[in-house]
Amino acid sequence: MALTRGRPRIRQGEPVANGVRDIEESIRTDLRGAMTYGRYLDLERLLHAQHPVSAPEHHDEMLFIIQHQTSELWLKLVLHELREARARFAADDLGMALKCLARVKAIQKQLTDQWTVLATLTPREYAQFRGFLGNASGFQSYQYRAVEFILGNKHRRMLEVFSSEPEARALLEGLLAEPTVYDEFLRAVARAGYAVPAEILERDVTEPWTLRPDLVPVFRQIYESDDAPWGLYEACEALVDVEDNVQFWRFRHLRTVQRTIGFKTGTGGSSGVGFLQRALDLTFFPELYAVRTEIGA
């Protein structure tokens with residue numbers, strides 16, 4: 001239907017009687033043996049993958065499970081897009097790399113907004129089923145660790161957490177040994193003619209990224225020169241957007257945990273809010289922030 005002066009206008013072929021729109025004759029209703037919406041999305045498995053463990057089952061545990069399951073699906077897509085962005089940087093295809101990062105940023109906003117839903121879980125409600133979680137904790141999300149690894153926050157000891165999950169550990173071991181998105185971007189910057197120090201290009205990629213002051217002048221040149229390729233400039237800003245979004249997510253995580261359990265120890269054994277607070281000091285692209293002090297100075 002379309003609107004005409006605020007009133008619905010019924011298009012030809014859409015008869016409506018008593019508020020009910022007829023099914024068009026062309027719509028297929030016999031779907032035996034056909035590819036359907038439910039089969040394509042494997043909804044039978046997906047919608048039966050929620051298994052509350054509280055006894056008696058607590059009403060709000062379903063929210064807790066679905067919140068984390070949907071987050072894992074979004075993280076799967078973030079990792080998928082970051083891997084492609086890394087490959088595109090390696091191929092000097094800045095346009096497609098930026099397209100992937102734009103999608104990552106949109107997903108990140110979705111992930112951050114999801115904390116609003118979980119924040120409807122009150123301390124009393126969560127306390128009534130929290131004990132049934134045992135040692136299960138978001139700290140054990142291997143996909144979250146994979147995203148951190150590919151962005152540069154690598155931590156070899158984190159592999160120990162996944163010793164009992166061979167596939168998860170193999171994924172993280174692979175990402176530990178591979179260049180990060182930032183590594184491949186810097187290589188693209190070097191191929192574009194900028195003087196990225198050789199020791200940075202040849203660094204041990206299994207180590208976490210730390211601030212390299214000698215890289216700041218390179219970014220200053222990109223930011224201040226009118227001749228700098230727009231794609232490089234835009235990529236710098238896109239990476240800053242990605243890091244900002246990670247920090248927003250971390251902060252919302254911290255605040256949601258604090259309002260739900262206060263300063264209790266985490267189910268996985270962490271210090272809880274204190275542990276999450278320290279994560280706010282972690283950075284992926286420190287030179288892209290440090291250069292802001294130098295620009296125009």
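View 1. Helices are DSSP runs of H or I with at least four residues, strands are runs of E with at least two, and both are numbered from the N terminus. This is a predicted model, in which local features need pLDDT of at least 70 and side-chain atom pairs count only at pLDDT 80 or more, while totals for chains, interfaces and linings use all residues. Residues are numbered from 1 along each chain as its sequence is written, and side-chain values use heavy atoms, with hydrogens and water left out. The C-alpha atoms fill a box of roughly 70 × 55 × 40 Å along the principal axes. The radius of gyration of the chain is 24 Å, whereas a compact globule of 297 residues would have one near 19 Å. That radius is taken over C-alpha atoms, and the globule rule is 2.2 Å times the number of residues to the power 0.38.

View 2. Of the 297 residues, 40% count as buried. Buried means under 20% relative accessible area, exposed means over 50%, and partly exposed lies in between (1.4 Å probe, protein chains only). A contact is a case of heavy atoms within 4.5 Å. Among contacts with a separation of 6 or more, 67% join residues 24 or more positions apart.

**View 3. The largest cavity, with a volume of about 40 Å³.** Rolling a probe the size of a water molecule over the atoms shows where empty space is left. A cavity is a set of points, on a 1 Å grid over the protein atoms alone, where a 1.4 Å probe fits but cannot get out; lining residues have an atom within 4 Å of a point. Grid points are joined across faces, edges and corners, and a volume is the space filled by probe spheres set on the points. The search of the whole structure finds one cavity of 30 Å³ or more. Its lining consists of D183, L186, R187, I200, L201, R203 and V205. Helices α8 (181-191) and α9 (198-201) each supply at least two of the lining residues. The most come from α8, with three residues. By class, the lining has four nonpolar, no polar and three charged residues. Nonpolar covers Ala, Val, Leu, Ile, Met, Phe, Trp, Tyr, Cys and Pro; charged covers Asp, Glu, Lys and Arg; the others, Gly among them, are polar.

View 4. A disulfide is a covalent bond between the sulfur atoms of two cysteines. The cut-off here is a pair of cysteine sulfur atoms within 2.5 Å. The structure holds zero disulfides. C100 is in none, and the nearest cysteine sulfur, that of C236, is 17 Å away. C100 is buried, at 4% relative accessibility. C236 is buried too, with a relative accessible area of 0%.

**View 5. A cis peptide bond from A55 to P56.** Omega of this bond is near -5 degrees. P56 sits in the loop between α2 (43-46) and α3 (61-90).

**View 6. Positive phi at D42 and D92.** D42 is a residue other than glycine, yet its phi is near 55 degrees. D42 lies in the loop between α1 (37-40) and α2. Its relative accessible area is 29%, so D42 counts as partly exposed. Phi of D92 is near 60 degrees, again a positive value in a residue other than glycine. The loop between α3 and α4 (94-118) holds D92. D92 is partly exposed, with a relative accessible area of 43%.

Definitions and conventions: On a 1 Å grid over the protein atoms alone, a cavity is a set of points where a 1.4 Å probe fits but cannot get out, and a pocket is an open set with protein on both sides within 12 Å along at least five of seven lines; lining residues have an atom within 4 Å of a point.
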